[in-house]
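Subject: Structure for you to look at

Hello,

Here is the structure for you to look at. My notes on what was found follow below it.

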Amino acid sequence: MKINSLPRRFFKAIFALSLLVLAMAFWGLEISGQQATVAGAYCSFTCAIIIWGWQELAFLLGYITGSRRSDCPQGLSGVRRAWYAFQTINYHELTLLSLGIVIFLMNLEAVNQTGFWTYIILWGMRQSTKINIFLGVLNFNESFLPQHLKYLITYFRRRAMNLLMPFSILVSVLFLVPIWFHAASQSSAYEMTSSALLGTLLALGLLEHLFLIMPFPSELLWKWGYKNHLK
């Protein structure tokens, strides 16, 4: 069951607890950044995932979303529609950028850059996903959105394909192949582990893009794992 599907009276406690987890993740990222070891790569990767996950949780709980929290006005199109759509997630995007800057500054002299590149891959693939959904894809996975964020669906378009999607897939592959080649050619256990983790993450991001255009609702794959209790 998803955390954001719990009754809203639990949201404040969940969010408060998540701030503690976020602080621990930054602490772990700082320590692991000085360790060019297999354990350091795993720790740095995990901490970056937790930091990213904290903002996703804050978004789904409705605490850090955007300045606009209403349906897309009827008949809106073009640049104005894009601007209104951005307003629904502008605080979210600003927070993601701020977290990325903090991680970048923390890793300026780090010997283990796994956490930084993990965050960059997450950010890049998520931006691509958001833009593709805005332009139009076949599967929104809208049932994963909690009730208080359902207005976001009105900014989406359902299309079999959009012009950006092939480019997004191509760029992902062009980055993915050298990462895996780098992992396979390394003699250092740390370098091999770090590259393998980053390559796996990017491959999952590519798979997410493919699910958006599959001729079947991909949410059926995960339906067993969640229940929407928000009415």
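Is Ser32 buried or exposed? Ser32 is buried, because its relative accessible area is 0% (buried means under 20%, exposed over 50%, and partly exposed in between, with a 1.4 Å probe and protein chains only).

Before the rest, two notes on how to read the values. This is a predicted model, in which local features need pLDDT of at least 70 and side-chain atom pairs count only at pLDDT 80 or more, while totals for chains, interfaces and linings use all residues. Residues are numbered from 1 along each chain as its sequence is written, and side-chain values use heavy atoms, with hydrogens and water left out.

Ser32 and its surroundings

Ser32 belongs to helix H1 (helices are DSSP runs of H or I with at least four residues, strands are runs of E with at least two, and both are numbered from the N terminus). Its side chain reaches the backbone oxygen of Gly28 at 2.8 Å. That is a polar contact, meaning a pair of N or O atoms within 3.5 Å; within protein, one must be able to donate a hydrogen and the other to accept it, and residues adjacent in sequence count only if both atoms are side-chain atoms. Not counting residues up to four places away in sequence, Ser32 touches Gly40, Cys43, Ser44 and Asn112 (contact means heavy atoms within 4.5 Å).

Leu17 is also in helix H1. With a relative accessible area of 54%, Leu17 is exposed.

The nonpolar cores

A nonpolar core is a set of buried Ala, Val, Leu, Ile, Met, Phe, Trp, Tyr and Cys residues joined through side-chain atoms within 4.5 Å. The largest one here has 39 residues, and Ile51, Ile103 and Tyr119 have the most contacts inside it. Two or more residues each come from helix H1 (11-32), helix H2 (38-61), helix H4 (90-106), helix H5 (114-135), helix H6 (164-185) and helix H7 (189-213). H2 gives the most to this core, with nine residues.

Ile51 touches Leu22, Ala25, Phe26, Leu29, Leu99, Ile103 and Tyr119, with residues up to four places away in sequence not counted. Apart from this core lies another, of twelve residues, including Leu76, Ala85, Ile89 and Tyr155.

How H2 and H5 meet

Two packed helices are described by the angle between their axes and the distance between the axes. The axes of H2 and H5 come within 7 Å and cross at roughly 40° (axes are lines fitted to C-alpha atoms, for helices over the stretch in contact, and angles run from 0 to 180 degrees between N-to-C directions).

Glu56, in helix H2, counts as buried because its relative accessibility is 17%. Leaving aside neighbours within four places in sequence, Glu56 is in contact with His92 and Arg126. Glu56 and His92 are 36 residues apart in sequence, and their C-alpha atoms are 8.6 Å apart in space.

Which residues does Ser128 touch, not counting residues up to four places away in sequence? Ser128 touches Ser168 and His209. Its side chain makes a polar contact with the side chain of His209 (2.7 Å). Ser128 is in helix H5 and is buried, with a relative accessible area of 14%.

Phe116 is in helix H5 too, and is buried at 13% relative accessible area. Leaving aside neighbours within four places in sequence, Phe116 is in contact with Ile103, Phe104 and Asn107.

Regards
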